[in-house]
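Subject: Structure handover

Hello,

Here is the structure I said I would pass on. Please open it beside this message, as the notes below follow it place by place.

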Amino acid sequence: MEKSSSVIKKLDKPVLSRHDIPYQTALVFNAGVCKYKGKYVMTFRNDYGDFDAHRLDGTNNGLAFSDDGVNWEISPDPFFAVKTEEISRVYDTRLTVIDNEVYVCFACDTRHGLRGGVGKLREDFSGVDIISLSTPDNRNMALFPEKINGNYVMLERPMPVYSRGKDRFDMWICESPDLLFWGKHKLVMGVEDVPFADDKIGPAAPPVKTDKGWLITFHAVELAPGRGKHGWEKKWEKTYRAGIALLDLEDPSKVLGISKDPLIVCDRDYELEDGFRKDAIFPGGMILEDNGEVKIYYGASDTVECMCTANVNDLIDLCLKG
Ligand code: BMA
């Protein structure tokens, strides 16, 4: 079986699964995590329905808090869901603390395409105030934790299906003076720059600042046609792995290095068993601790939320050695 990089250490079990949630739930995955006022805060995706009957009825987003980033206390109700005639759901949240406020990027399915949203968490964690929504098709947005050269900065992943003839989706960057008007869009990394992707790549957890550059995770997708159905979703043949890269501190559109090998792959039974879409790794949170430990949170098989740790210098070395 393919293995994750030896620099990461996984826990013995998921950090969160459907068994932990006090309301209707089926799949718990793709969480955003940040450290805020001495606590860890997590917003996780909950696709609810009946797990045993393999039935999904909808999506909402739950909230959880932790003192150590490993043991989580779940709030009694979901905290963020949008369902209107136009919008069917919001999901895949990524949390970034900027100037003592918690911001969230999220994906938004609408009748007229997939959009990427930016919002702010209310101080009492009662919900999200939406600030901006992209034009379709664009999602997988992740905000940097500080302004760079005077502007907010965000990674994004447009989906140019028509112009490229097939899925060839890349990672882009853009800037804003106010989180509402976004511009100066620039390509950061093409799918062809990642040896373990042949379909699409996209930003994962929000970037973490190190003295060598901005450390970023990304998800990298490989088509696996012919492997056959893999997981209990009707048709699922792709593989999602997590990669790691380093961007320039002053100009984060400049890539300083990309590890040519995957950082995280599905290689634990608990990441695969009963999986909805097996072999899918989707990081949404990364925290750098004062002692140099990096915690990476990721959804596995679109079924459970997992966590691994690594030393920041080992991750930087992976990026710089290529
Ligand atoms: C992407 C998104 C993610 C999901 C991934 C793997 O397109 O829908 O939410 O985790 O596919 O299924």
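Asn140 has its place in strand S10. The model is a predicted one, so please read everything here with that in mind. Asn140 is not a glycine, yet its phi is positive, at about 60°. Pro136 and Asp137 are joined by a cis peptide bond, with an omega of about -15°.

How many cavities of 30 Å³ or more does a search of the whole structure find? The search finds one. The space in this largest cavity is about 30 Å³. Its lining is made of Asp92, Arg94, Cys105, Phe106, Ala107, Asn140 and Met141. Two or more of the lining residues come from each of S6, strand S7 (101-110) and S10. S7 gives the most, with three residues. Sorted by class, the cavity lining has four nonpolar residues, one polar residue and two charged residues.

Asp92, one of the residues lining the cavity, is also part of the ligand's surroundings. Which residues surround the ligand? They are Asn30, Arg45, Asp92, Arg139, Trp236, Tyr240, Arg277, Phe282 and Asp302. By class, this shell holds five charged, three nonpolar and one polar residue.

- Asp92: an N or O atom in its side chain is 2.6 Å from an oxygen atom of the ligand.
- Arg139: an N or O atom in its side chain is 2.8 Å from an oxygen atom of the ligand.
- Tyr240: a polar atom of its side chain is 3.0 Å from an oxygen atom of the ligand.

On its own, the ligand has 310 Å² of accessible area, and the protein covers 91% of that.

The ligand takes up the space of the largest pocket, which has a volume of about 380 Å³. This pocket is lined by 23 residues, and those closest to its centre are Arg45, Tyr91, Arg139, Arg277 and Asp302. Among these, Arg45, Arg139, Arg277 and Asp302 were already named in the shell around the ligand. Strands S2 (27-36), S3 (39-50), S6 (87-98) and S10 (138-143) each supply at least two residues of the lining. S6 has the largest share, three residues. The classes in the lining of the largest pocket are eleven charged, nine nonpolar and three polar.

What is the volume of the second largest pocket? It holds about 310 Å³ of space. There are 15 residues in its lining, and Pro145, Pro207, Val208, Met286 and Ile287 are the closest to its centre. The elements that each supply at least two residues here are S2, S6, strand S15 (208-210) and strand S19 (281-288). By class, the lining of the second largest pocket has eleven nonpolar residues, three charged and one polar.

If you want an order for looking through the model, begin with strand S6. S6 supplies residues to the lining of the largest pocket, to that of the second largest pocket and to that of the largest cavity. After that, go to S10, which supplies at least two residues to the largest pocket and two or more to the largest cavity. Then return to Asn140 in S10, and to the cis bond between Pro136 and Asp137.

Regards

Methods: Residues numbered from 1 in each chain as written. Predicted model: local features only at pLDDT ≥ 70, side-chain atom pairs only at ≥ 80, totals over all residues. Heavy atoms only, no water. Near = heavy atom within 4 Å. Polar contact = N/O pair within 3.5 Å; in protein donor to acceptor, adjacent residues only side chain to side chain. Areas by Shrake-Rupley, 256 points an atom, 1.4 Å probe, with all protein chains shown as cover. 1 Å grid on protein atoms, 1.4 Å probe; cavity = no way out; pocket = protein on both sides within 12 Å on 5 of 7 lines; lining within 4 Å. Sits in = over half its atoms within 2 Å of the grid points. Nonpolar A, V, L, I, M, F, W, Y, C, P; charged D, E, K, R; others polar. Points joined across faces, edges and corners; volume = space filled by probe spheres on them. Helix = DSSP H or I, 4+ residues; strand = E, 2+ residues; numbered from the N terminus.
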